[in-house]
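Thanks for making time this morning.

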Amino acid sequence: MSEHESRSPKASGAAAESPPNRRSALGWLSVALGALATTAAGVPVVGYLLSPILRTPGDRWVDLGPVEEYPEKQTRLVDFVDPLHRPWDGQSERLAAYVRHDEGEKFQVFMVNCTHLGCPVSWFPQSGLFLCPCHGGVYYQDGQRASGPPPRGLYSYDSRVVDGRLQIRAGRLPTLQQPG
Ligand code: FES
């Protein structure tokens, strides 16, 4: 038997073993990729389910500055950072509100979004009205609905004055089912 002939069975044996090894490696790879994909898909779902627990009520009061910055009987537009913002929120972490200072420590703080379909309303001090540019919704200066398609007045934030500074509870966005 020649040298070539004696090696031939070993070489063919090694070739016969490699397909199971490749299948095994591919099997593990597909299991690992499947686990990775499941984890990646599950993180947002778990975060959403745990968010009511992770978002503690104590972190929802937002400081809007000293009371002196808000003249009585006037309405001013302010912006602030959503206390429940996430690192990936970008510019959407900034929210806006209309602050109306009635007198003393009495304030009304309105969301800027129309209660019809959510367009931002504008304040017109000359007429004392909030107007929605989308479908003509109108609100009085106290936030009550005046006319147009909005089903109710503007949503408002809870507010309080602490040590001469205005604060609002801004962590929760009201809805028709759970108005502010
Ligand atoms: S969104 Fe304001 S009236 Fe429709």
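Which residues does Val-99 touch, not counting residues up to four places away in sequence? Before I answer, please note that this is a predicted model, in which local features need pLDDT of at least 70 and side-chain atom pairs count only at pLDDT 80 or more, while totals for chains, interfaces and linings use all residues. Residues are numbered from 1 along each chain as its sequence is written.

Val-99 touches Leu-64, Tyr-70, Thr-75, Arg-76, Val-78, Phe-107, Val-109 and Leu-166, where contact requires C-beta atoms, placed from the backbone, within 7 Å. Val-99 is also among the residues with the most contacts inside the largest nonpolar core, which has 22 residues. Such a core is a set of buried Ala, Val, Leu, Ile, Met, Phe, Trp, Tyr and Cys residues joined through C-beta atoms within 7 Å, and buried means 20 or more other C-beta atoms within 10 Å, exposed 12 or fewer, and partly exposed in between. Strands S1 (61-66), S3 (94-103), S4 (106-111) and S10 (165-169) each supply at least two residues of this core; strands are DSSP runs of E, at least two residues long, numbered from the N terminus.

Turning to pairing, which takes at least two DSSP bridges between two strands, S3 pairs in the antiparallel sense with S2 (residues 74-81) over 8 bridges and with S4 over 6 bridges.

Finally, Lys-73, in the loop between S1 and S2, has a positive phi of about 65° although it is not a glycine, and Lys-73 is exposed, with 9 other C-beta atoms within 10 Å.

Notes:
Helix = DSSP H or I, 4+ residues; strand = E, 2+ residues; numbered from the N terminus. Contact = placed C-beta atoms within 7 Å.
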